[in-house]
Amino acid sequence: MKQPGASGNHSTASGRATNKPKGGGPHKKRKRVGLIWLLFVALFAVVCAVVGYLLIILNGERILSANINKLNLNQASVIVDRNDKEVSKLVLGHEGNRELVPFKEIPPMVQKAFVATEDKRFYEHSGVDLMGIGRALVKDVIARKAVEGASTITQQLAKNLFLNADKTIFRKGTEASIALALEKHRSKEEILELYLNRIYFGKGQYGVKTAAKFYFNKPLNELKLWEIATLAGIPKAPSTYNPISNPEKSMERRNVVLSLMQEQGLITAAEKEAAAKEEYDPDVVPKQNAKYLSYIDYVVEEAKDRTGLSEEELLSGGYRITTTIDTKAQLAMESAFKNDSLFEKSKDKQIVQGSMVIMDQHDGSLIAMVGGRNYEKQGWNRVTKQRQPGSSFKPIASYGPAIETGNFFPWSIVQDEKQCFDNGKYCPSNSNRIKYRGPIPMSEAIKESRNVSAVWLLNEIGVKKGLDFADNLGFTLDKKQDRNLSIALGGLTHGVTPLQMARGYGAFANGGELQDPHSILNIRNSKGKLVYEYDENSAERVMSPQTAFYVTELLKGVTQRGGTGVRANISGRIVAGKTGTTQHGIKGLKSSANRDVWFVGYTPEWTAAVWMGYDKTDKDHLLKNSSGQAAEMFSTVMSKALEGKKKLGFPKPEGVIEKKPVQAITGLTGVYSPDLVAVELNWNAVTEKNITYKVYRKGSTESTFRVIGESADPMFDDMQIMPDETYTYYVTAYQSDTKQESPPSPQITITVTTGMDPVSPSPTPSDGIVDENGDGIPDGQGDEGGIIPPDEQSPPPEEGDGGGNVSPSPSPSPSPSPSPSPSPSPSPSPSPTPTTSTRSLPGSSPSASASSSPSSSPSGSLIWP
């Protein structure tokens, strides 16, 4: 029988048990399961690490044992021409570009310098530096990019000895495994000896002994501290830090090495300071006798740029590089550059230098290239170095963009008067024998390389148009510093390279299409797989075909009789081009000697650029002769290079206006009319159709002529006159359908005075004006010299002679003029000398007089009412 009390107690106890937590049992169970899994994962990780370590060790041992005597370095790449004929082999490990040296013959300071620079814990780690890896990771994380490597000397040796140039995710692990194996089987001295004998030093040089001979022409035991530090700084980036290619960067890297050596107690602060001041002399490099060096060096640089491969990978990868070289043209160029008679003689060991490049303007193929006289392998390639272009830049910054506007043509009249621009800030001058010629056709201005005309033309179209046109041709000028009128004369902030000039002129030669200059057609690896191929569809239209044709017509005149580039002529070939010189720019030196001389030109087949000058210019190293010597080099090389080549011509595009010379104005006379209060101008009409007449005037306070009106009849009334002022007039005939303008008429000069009788002027021929064919101008006249002896020349425009920031002027357009007066004016017959005639004008008290200028302007007298 149940006892109520017992039942109640049980119920109560049961109730209390139900409401009480169960001691956290499930939670503790989950914690125990988590700990078990954590221990299991840790154990698994340890096992994996041990197995991985064993696999790494075993893999390294396997590779080392299988390849202990194998050197995977000597798979040379080959350069061939477009016909697959071998041009050069980029040999490695042979012919003196590697020379082994035993450890005991390596000076201690050389050993210490490389260890301090590449792996300061070399003697403490066992092939892989875990501390170094950690330090590198921290720096990379802070910088958010890879800024420091962690490969030890042993790892670098493992890569050089046993691994190829392929980059895979497994190579780094393999590299580490070989490094660990090497440390087990070789002593630190043996490893360091192998490293210093195998490492690459740029310029095709392997091993520290070979590098010392190549860069300093001396054995290891004769190296000075600064030379040792220079060598120790190269392996990080051989093509960047070798002292021949980049002397400034090499010096910066050397100072880093010296700082590391001082920090590690290897040298004193005084030794570091002294070594840091030393400058490298590239003339100590031993001379080499080989062909095609400039071109081969350019090919290697282009291959690096196009493929992303390093220089060492290209040299040792067994690649086959098909190039665009024409060996006949290349040898002709190299032969000319060995001919001392084609260069000025220097007074000391620093010789006059030069460079030249030929490009096929139709596809951008680089045909031949020489980077300098006595050029050495991987030397200073002046084809890619900037210099000031002088007047050779006029077609790019002035004449080309002016014609592209559609408002100017080769026969358009440009001004050649002494004048200032940009509110008087920029005052260019001519260096021609006949200083200024007044209004002349554009063709004559460029033929004689007249500076003021080029600046005037750029001022008319606006500097921005000049900058934009140059930019389209591949010249990236400084938008702020170069935004001024001096660019018309080639005064640039950073200069241009011969290769850029050849490319730019190539667009004129190629009907307005700009090509990408290239020396490589394709690259295949050792297995024949295509690695790179040039895109033949890279041409870009940068100007109209008509502009290219007109500029070519202008530049053809430069090489003809009376032009500055007459010495560039090639028998039986059409040649167009432009000369250029830059003044020395040395403060306080009064001399007409030049810093740079150029000729850039083209035939219908090829385009070429020639530069000459000194690498380092000072008062003792200037060119006495002008750009005629560069033009002669062009002719010498191109004549040989084009022998046997089919002769082509420049195609004439549709829309080109045929130039039919418009008859010049004759019989210009002027008389003052008191009734109109104007100067009445009259002249003889021309016989061509669609003719209007442009009237030009210049006041006594003005520096240049300007159009004051246009008339359909052979008469014009100038009502914008002032008493006591002198005006000079000339008139041209303009044919609207052909957009051609005649040569200027003879000028008349009229002075408005008081108390004089009226005079009707008689015209006379102008003594100072030549026709647009340049008759009467001696061969070679102009600021570039042509064939004029140096002592007959005035200084050419100083390079960089800037005009400050210039506000572009609007393109020229005829000014509206008052209607011609119906009253006829007397038109006396021309006479050989200036004459004066008078007639009374009733009701007048003041008078005007006209007098001839020394240059034969007709004269007359006018009465002011």
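The model is predicted, so local features need pLDDT of at least 70 and side-chain atom pairs count only at pLDDT 80 or more, while totals for chains, interfaces and linings use all residues. Residues are numbered from 1 along each chain as its sequence is written, and side-chain values use heavy atoms, with hydrogens and water left out.

Select residues 77–80, which are strand S1. Strands are DSSP runs of E with at least two residues, numbered from the N terminus. In a regular strand the side chains alternate between the two faces of the sheet. Here Ser77 and Ile79 lie on one side, Val78 and Val80 on the other, and all are buried (under 20% relative accessible area, with a 1.4 Å probe and protein chains only).

Two strands pair if DSSP finds at least two bridges between them. Look across from Ser77 to find Leu90 in S2. The two strands form a hairpin with five residues between them. In the turn, select Asp84, whose phi is positive, about 65°.

Now select residues 320–323, strand S3, which pairs with S1 in the parallel sense over three bridges. Thr322 in S3 stands opposite Val80.

Finally, select Cys420 and Cys427, which are joined by a disulfide with S to S 1.9 Å. A disulfide is a pair of cysteine sulfur atoms within 2.5 Å. A search of the whole structure finds one. The torsion about its S-S bond is about 110°, so the disulfide is right-handed. Cys420 is partly exposed at 39% relative accessibility, and Cys427 is partly exposed at 34%; partly exposed means between the buried limit of 20% and the exposed limit of 50%.

Terms used
Helices (H or I, at least four residues) and strands (E, at least two) are DSSP runs, numbered from the N terminus.
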